[in-house]
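Please walk through this structure one part at a time, with the model open beside the text.

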2 protein chains.
Amino acid sequence: MSETRLDDAINTLKESGVRITPQRHAVLEYLLNSMTHPTADEIYKALEGKFPNMSVATVYNNLRVLREIGLVRELTYGDSSSRFDCNTSEHYHIICNECGKIVDFHYPTLDEVESLAEQVTGFDVTYHRMEIYGTCEGCKGPATQKH
Amino acid sequence: MSETRLDDAINTLKESGVRITPQRHAVLEYLLNSMTHPTADEIYKALEGKFPNMSVATVYNNLRVLREIGLVRELTYGDSSSRFDCNTSEHYHIICNECGKIVDFHYPTLDEVESLAEQVTGFDVTYHRMEIYGTCEGCKGPATQKH
DNA sequence: TAAACTGATTATAAGAATTATAATATAATA
DNA sequence: TATTATATTATAATTCTTATAATCAGTTTA
């Protein structure tokens, strides 16, 4: 479905003079098709079958390269490891404090906040992030809590 | 200036049945008087002089206790280590991507977003976080970039 | 006051996530 | 093809955080 997005991303890579290696291509493709904001380790495990010799360092290196070009955004939630997201379509996240589930939440982009922040602080604003925390329906249940 | 806030916080500790040890008191006081959202290590280094025998684990333990009571909020920004904040007055943060500087940014709480999120997702919302990212005035300068 | 109990601190080790290093391999260019 | 530059791999090192066990301090009870 998102062939265009992948092509666009690869064009961006080419324009940046970054080589498109099989591993790099796979990391990018996996991120584009993934809706779950994976961690580096999850990406590594997912591509292990296709690239049995791939190192975890390669995943981190490629994520860094993709982030530097602006194709990928690194997000740190409460848990220990970073999560990675292709920052194409704007949306927010709501996160369950009990089970860690992450659900997309569509809401108009808070442009007003950004522009006011620029005026007040003198920063050049590039983006913002917002997460909502709470308890998901599954974890709200009577005695069925945690773990 | 913020004697009242410290007293309030200590009362909360007492009501929760948590012992008020010198180390715990010091961590709490440091956080209340600090405007910089320090990391655990920064707190440790700041109190090292007063408590030469204090362990880093003590700082982490106390931060966890204070967080569980609700006196302290743990924030994970882009960098590697968590930062801690006394979540008394509601405000947002704007963060410089170049130098990591964090500036408070006052804006009306986004209650509307929370209530809409509850309706749409079925979560029980407890709180939200929003951070704005950009380049601060100091880092915007001509060739004076990074580090 | 003494003894017992609970919780806190310390020192240390262990764990996990990420980054750095050096050697090898691959791709691009002349 | 030869040369050069970049990527990958394997491994080690760092950093942040948590777990463990022993010691210590404060509180309660007899």
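Predicted model: local features only at pLDDT ≥ 70, side-chain atom pairs only at ≥ 80, totals over all residues.

Residues are numbered from 1 along each chain as its sequence is written, and chains are lettered from A and ligands numbered from 1 in the order in which they are written.

Start with chain A. The secondary structure of this chain comes to six helices and five strands. Here helices (H or I, at least four residues) and strands (E, at least two) are DSSP runs, numbered from the N terminus. Read from the N terminus on, the order of elements in chain A is α-α-α-α-β-β-β-β-α-β-α. Of its 147 residues, 17% count as buried. A residue is called buried if 20 or more other C-beta atoms lie within 10 Å of its own, exposed if 12 or fewer, and partly exposed in between, with C-beta atoms placed from the backbone.

Chain A is divided into domain 1 (1–88) and domain 2 (90–147), with bounds that come from an automatic or database domain assignment. Between the C-alpha centres of these two domains of chain A there are 22 Å. Their contact takes four residues from domain 1 of chain A and four residues from domain 2 of chain A; two residues are in contact if their C-beta atoms, placed from the backbone, lie within 7 Å. On the domain 1 side of this contact in chain A, two residues are nonpolar, one is polar and one is charged. In this sorting, Ala, Val, Leu, Ile, Met, Phe, Trp, Tyr, Cys and Pro count as nonpolar, Asp, Glu, Lys and Arg as charged, and the others, Gly among them, as polar.

Next come the strands of chain A. Which strand partners does β3(A) have? It pairs with β4(A) in the antiparallel sense over four bridges, and four bridges also join β3(A) to β5(A), with these two running parallel. Two strands are said to pair if DSSP finds at least two bridges between them. In the second, A:Ile95 has A:Tyr133 in β5(A) as its bridge partner. The hairpin of β3(A) and β4(A) has five residues between the strands, and A:Gly100 takes a positive phi near 80 degrees there. Four of the five residues of β3(A) are buried, so this strand is largely enclosed by the rest of the structure.

Now bring in chain B. Two copies of a chain are related by a rotation about an axis and a shift along it. For this pair, a rotation of 178 degrees with 0.1 Å of shift along its axis superposes chain A on chain B, with an RMSD of 0.4 Å. The two copies are therefore related as by a two-fold rotation axis. In chain A, the C-alpha nearest the axis belongs to A:Met130, 2.2 Å from it. The superposition is by least squares on the C-alpha atoms of residues with pLDDT of at least 70 in both copies.

How many residues does each chain give to the contact between the copies? Chain A gives 33 residues and chain B gives 32 residues. On the chain A side, β3 (92–96), β4 (102–105), α5 (111–121), β5 (124–135) and α6 (137–140) each supply at least two residues. The most come from β5(A), with twelve residues. By class, this side of chain A has 17 nonpolar, nine polar and seven charged residues. Eleven bridges join β5(A) to β5 (residues 124–135) of chain B, and the two strands run antiparallel. Across this pairing, A:Glu131 stands opposite B:Arg129 in β5(B). Because 97% of the interface residues of chain A are also interface residues in chain B, the copies meet through the same surface.

A residue is near a strand if its C-beta atom, placed from the backbone, lies within 6 Å of it. Around DNA strand C there are 24 residues, and those that come nearest are A:Ser82, B:Thr21, B:Gln23, B:Met54 and B:Thr58. To the surface near DNA strand C, α4(B) gives the most, with four residues. DNA strand D is surrounded by 22 residues, the closest being A:Thr21, A:Gln23, A:Met54, A:Thr58 and B:Ser82. To the surface near DNA strand D, α4(A) gives the most, with four residues.
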